Amino acid sequence: MTSTAKVVTTVEAARLVGLSESTLAKLRLTGNGPVYCKLGRRVVYRVADLDQWLQSRTARDTSDADARFLKALTAAHSR
């Protein structure tokens, strides 16, 4: 991580990606959310990681989104 990496709190990250804080917490548990950093008890997100996660969620049509969703479910249940 470079010293110029911009980090934001969970509240700010939720606002940036358009989700609630509790949804981000659930995504952390399942491993389907954006990459995050743990600083003691505090969770922060790098803005670049949020942007990258949003890019990975881009779909052209519903079949793209459905395929990604099913793949995420399969990965979560294989643990």
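# Helix packing and burial in a predicted model

Tutor: The protein presents an accessible surface of about 5900 Å² (Shrake-Rupley method, 1.4 Å probe; for residues, only the protein chains shown count as cover), and 55% of that surface belongs to carbon and sulfur atoms. This is a predicted model, in which local features need pLDDT of at least 70 and side-chain atom pairs count only at pLDDT 80 or more, while totals for chains, interfaces and linings use all residues. Residues are numbered from 1 along each chain as its sequence is written, and side-chain values use heavy atoms, with hydrogens and water left out.

Student: What pattern does the protein follow along the sequence?

Tutor: The order is β-α-α-β-β-α-α, with four helices and three strands in the protein. Helices (H or I, at least four residues) and strands (E, at least two) are DSSP runs numbered from the N terminus.

Student: How are α1 and α2 oriented to each other, and why is that description used?

Tutor: The axes of α1 (residues 10–17) and α2 (residues 21–30) cross at roughly 95 degrees and come within 9 Å. Axes are lines fitted to C-alpha atoms, for helices over the stretch in contact, and angles run from 0 to 180 degrees between N-to-C directions. Angles under 35 degrees count as roughly parallel, over 145 as roughly antiparallel, 65 to 115 as roughly perpendicular and the rest as oblique. The two helices, α1 and α2, are therefore roughly perpendicular to each other.

Student: Which residues make the contact between α1 and α2?

Tutor: From α1 come Thr10, Val11, Ala13, Ala14 and Val17, and from α2 come Glu21, Leu24 and Arg28; contact means heavy atoms within 4.5 Å. By class, the residues of this contact are five nonpolar, one polar and two charged. Here Ala, Val, Leu, Ile, Met, Phe, Trp, Tyr, Cys and Pro count as nonpolar, Asp, Glu, Lys and Arg as charged, and the others, Gly among them, as polar.

Student: Which residues of α1 are buried, and why are they said to line one face?

Tutor: Thr10, Ala13, Ala14 and Val17 are the buried residues of α1. Seen down the axis of α1, they fall within an arc of 100 degrees, so they line one face of the helix; the arc is that of the directions from the helix axis to the C-beta atoms. Their cover includes β1 (7–9), α2, β3 (42–46) and α3 (47–56). The face turned away from the buried side of α1 carries the exposed residues Arg15 and Leu16. Just after α1, Gly18 takes a positive phi of about 80 degrees.

Student: What makes Leu16 exposed?

Tutor: Leu16 has a relative accessible area of 51%. Buried means under 20%, exposed over 50% and partly exposed in between (1.4 Å probe, protein chains only), so Leu16 is classed as exposed. Leaving aside its neighbours within four places in sequence, Leu16 is in contact with Val8, Leu50 and Leu54. Leu16 and Leu54 are 38 residues apart in sequence and 9.9 Å apart in space, C-alpha to C-alpha.

Student: Does Glu12 count as buried, partly exposed or exposed, and what value decides it?

Tutor: Glu12, which lies in helix α1, has 37% relative accessibility and therefore counts as partly exposed.

Student: How do you know whether Asp49 is buried or exposed?

Tutor: Asp49, found in helix α3, has a relative accessible area of 12%, so Asp49 is buried. Apart from neighbours within four places in sequence, Asp49 is in contact with Pro34 and Val35. Asp49 and Val35 are 14 residues apart in sequence, with a C-alpha to C-alpha distance of 6.0 Å.

Student: Which residues of α3 are buried, and why are they assigned to one face of the helix?

Tutor: Asp49, Leu50 and Trp53 are the buried residues of α3. Viewed down the axis of α3, they fall within an arc of 100 degrees, so they line one face of the helix. They pack against β1, α1, α2 and β3. On the other side of α3, Ala48, Gln52 and Gln55 are exposed.

Student: What value places Gln52 in its class?

Tutor: The relative accessible area of Gln52 is 55%, and Gln52 is therefore exposed. The C-alpha atoms of Gln52 and Val35, 17 residues apart along the chain, are separated by 9.2 Å.

Student: How much of the protein is made up of buried residues?

Tutor: Buried residues make up 22% of the 79 residues.
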